[in-house]
Amino acid sequence: MSILLSLIALAFGDFFKENFELESKELTSYEGEDLSSIYDFRENSIKGYQYVTKETYRLTISGLVNNTQQFTYDEVLNSFTSYKKVVELFCVEGWEVNILWEGILVKELLNTTNVSTNATTIIFHAYDGYTTSFPLDFIIDNDIILAHKINGVTLPPERGFPFQLVAESKWGYKWIKWVTEIEVSDDSDYEGYWESRGYSNEGDLNKGFFD
Ligand SMILES: Nc1nc2c(c(=O)[nH]1)N[C@H]1C(S)=C(S)[C@@H](COP(=O)(O)O)O[C@H]1N2
Ligand SMILES: [Mo]
């Protein structure tokens, strides 16, 4: 039976593509550059889609900081400047999407906490238990953003609402969705969900994705 269903899915291709609802029409190009669609992502999250409630959601910044911070969704959007970037996401499974992202600078979030001088690493945690990490310098030097919009619309739950990290120049598994916590750490050897299962901790696009 499942073989039959797979054959039908193969035959119909896009017919079976997920089609969740967006708050408005997504952009198809930006400053002359063609964009992929929000529907071009393939879904392979470790625990499937996560539905985060905006009202009870908090973004926590913790670890090696002098003041731990907690922000509501609206506080994040209203207290920090948003920036736009067109960045391509490449999954190790061999697909990619070129997307207009809009979000706030992670370093501006960190600046509210007074980061300890011995911090080296930023560990991101998500609603589904997923984690990934980066050198602190990577986050600061590349103006890495936490996106709340994708192709001009609010991230739908299926795409990581409320926030997805735009880990430019890194493989897709570093682009953590449904971010709940940003932990400042001195553990440079920390390994996230896929990293602890054999994928490169550096996760650089211009290198292989296995360690
Ligand atoms: N919280 C969380 N973030 C995640 C993942 C996940 O399973 N959970 N999967 C990662 C992977 S492997 C990729 S390629 C990108 C995009 O995956 P998507 O198409 O499933 O959104 O999200 C990344 N972020
Ligand atoms: Mo992926």
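Predicted model: local features only at pLDDT ≥ 70, side-chain atom pairs only at ≥ 80, totals over all residues.
**View 1. A negative patch on the surface.** Five acidic residues, Glu31, Glu33, Asp34, Glu88 and Glu96, form a negative surface patch. One of them, Glu31, is located in the loop that connects β1 (29-30) with β2 (33-34). Glu31 counts as exposed because its relative accessibility is 72%, and the cut-off for that class is over 50%.

**View 2. The salt bridge between Arg159 and Glu43.** Side chains of opposite charge can pair when their charged atoms come close. In the model as a whole, the count comes to nine salt bridges. In one of these, Arg159 pairs with Glu43, and the closest N and O atoms are 3.9 Å apart. The pair links distant parts of the chain, as the two residues are 116 residues apart. Arg159 belongs to the loop between β10 (153-154) and β11 (164-166), whereas Glu43 belongs to the loop between β2 and β3 (59-63). Arg159 has a relative accessibility of 2% and therefore counts as buried. Glu43, with a relative accessible area of 27%, is partly exposed.

**View 3. The salt bridge between Glu195 and Lys174.** Here the side chains of Glu195 and Lys174 meet in a salt bridge, with a distance of 3.0 Å from N to O. Lys174 is in the loop between β11 and β12 (179-185), and Glu195 is in the segment after β12, so the pair ties together parts that are 21 residues apart in sequence. Are these two partners buried or exposed? Glu195 is buried, its relative accessible area being 2%. Lys174 also counts as buried, because its relative accessibility is 0%. Both assignments follow from the cut-off for buried residues, which is under 20% relative accessible area.

View 4. Glu202 and Lys207 form a salt bridge in which the closest N and O atoms are 2.8 Å apart. Glu202 counts as partly exposed, with a relative accessibility of 43%. Lys207 likewise counts as partly exposed, at 42% relative accessibility.

Key:
Residues numbered from 1 in each chain as written. Chains lettered and ligands numbered in written order. Heavy atoms only, no water. Patch = residues over 30% accessible without salt bridge, like charges linked within 9 Å, V, L, I, M, F, W, Y side chains within 5 Å. Areas by Shrake-Rupley, 256 points an atom, 1.4 Å probe, with all protein chains shown as cover. Salt bridge = Lys/Arg side-chain N within 4 Å of Asp/Glu carboxyl O. Lys, Arg positive; Asp, Glu negative; His and termini not counted. Charge placed at Lys NZ, Arg CZ, Asp CG, Glu CD. Helix = DSSP H or I, 4+ residues; strand = E, 2+ residues; numbered from the N terminus. Buried < 20%, exposed > 50% of the residue type's maximum accessible area, 1.4 Å probe, protein only.
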